[in-house]
Amino acid sequence: MRVTIFGATGMLGKALVRLWTNDEVTALGSSHADIRSPDQVDRVVAESNPEWIVLSAAYTDVDGCEINPTLAAAVNTQGAVNVAKSAANSRAKFLFISTDYVFDGKNTTPYEANDPRRPINAYGKSKADAEQKILALLPDACVVRTSWLFGPGGKCFPDTILKLAATRPQIEVVNDQRGCPTYTFDLADAIIKLCHADAKGIVHGTNGGVCTWYDFAAETLRQAGSNTAVRPTTSDKFVRPAPRPSYSVLSDASLTAYGIKMRDWQDTLPDYLRERNAK
Ligand SMILES: NC(=O)c1ccc[n+]([C@@H]2O[C@H](COP(=O)([O-])OP(=O)(O)OC[C@H]3O[C@@H](n4cnc5c(N)ncnc54)[C@H](OP(=O)(O)O)[C@@H]3O)[C@@H](O)[C@H]2O)c1
């Protein structure tokens, strides 16, 4: 199978490229093609002639998107549409990576794949708009929503916490947002399986378990053997440009329908810490 990955230089993209060894993979970063340019996208798609296109590329700075929603829409919505159109014209199957931030966080039970999108920030809106436009263009496309991604080779929450803990005896972390941390390699494995299963429609792909950022920090430091203390705090003490949903837990029903089960997030941390220490 020939696969073309946009966003291959990103945190998830690197895991996809490393794990996707049994197919012919073309790995693209923004220097190969800016997804805002339909001509550049069409050129690299024609050159690689893929059977599957995986779009992981995005402007992922949530606060940056809030400050510059025009850029968020240009990359995350119109850029995604450009790639979807190229997939349609070249008859490639299409898998788009989306986010838990398409939801408003008002649920108290896990979001199902067909729950209505109600983004509360510009990043979430740009991805929700992309989902809608992609599925209108390509009804058989697969949209994989994930959340709280972490892994080696990128700026991510546990890395930030470990760096802070290296210089401080105590850190404060918000304890009023709930979600599912997701290890890039576990998600990459699920994405490869979904492509091989010819997956269609919206699928939620996260590690198992639910936690707050405080829980995530405390467990990371515990497993890393750090002596730094973690204290819980609330989001109103850490005001940022973009509001975050307070609950963005994604149900795994759409993933288990494909026979795929992802392990609990705590069980992934030894792998993450080993990879991080190997650098
Ligand atoms: N990080 C999270 O917590 C999280 C949570 C939920 C969903 N997601 C989604 O998961 C996917 C992967 O996220 P990530 O954290 O791995 O991303 P990331 O590390 O920030 O990497 C972003 C990737 O997008 C590429 N890119 C950015 N602008 C581009 C443009 N205009 N044209 C072409 N490529 C461009 C970058 O290319 P260069 O580096 O070559 O410039 C890079 O490969 C994204 O779709 C994101 O929305 C992420």
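Which polar backbone atom is 3.5 Å from an oxygen atom of the ligand? I looked it up, and the backbone atom belongs to Ile97. My cut-off for a polar contact is a pair of N or O atoms within 3.5 Å; within protein, one must be able to donate a hydrogen and the other to accept it, and residues adjacent in sequence count only if both atoms are side-chain atoms.

Ground rules, before I go on. This is a predicted model, where local features need pLDDT of at least 70 and side-chain atom pairs count only at pLDDT 80 or more, while totals for chains, interfaces and linings use all residues. Residues are numbered from 1 along each chain as its sequence is written, and side-chain values use heavy atoms, with hydrogens and water left out.

Then I listed the shell, taking residues with a heavy atom within 4 Å. It holds 25 residues, the closest being Thr9, Leu12, Ser30, Thr60 and Tyr123. Helix H1 (11–19), strand E4 (93–99) and helix H5 (122–137) each supply at least two shell residues; E4 gives the most, with 3. Helices (H or I, at least four residues) and strands (E, at least two) are DSSP runs, numbered from the N terminus.

**Cores.** A nonpolar core here is a set of buried Ala, Val, Leu, Ile, Met, Phe, Trp, Tyr and Cys residues joined through side-chain atoms within 4.5 Å. The largest has 55 residues, and Leu16, Trp20, Leu95 and Phe216 have the most contacts inside it. Helix H7 (residues 184–196) gives the most to this core, with 8 residues. Apart from it lies another core of 22 residues, including Ala33 and Leu138. Leaving aside neighbours within four places in sequence, Trp20 touches Ile191, Ile192, Cys195 and His196, among others.

**Ser248.** I found Ser248 in the loop between strand E12 (229–233) and helix H9 (253–256). Why does Ser248 count as buried? Because its relative accessibility is 1%.

Key: Buried < 20%, exposed > 50% of the residue type's maximum accessible area, 1.4 Å probe, protein only. Contact = heavy atoms within 4.5 Å.
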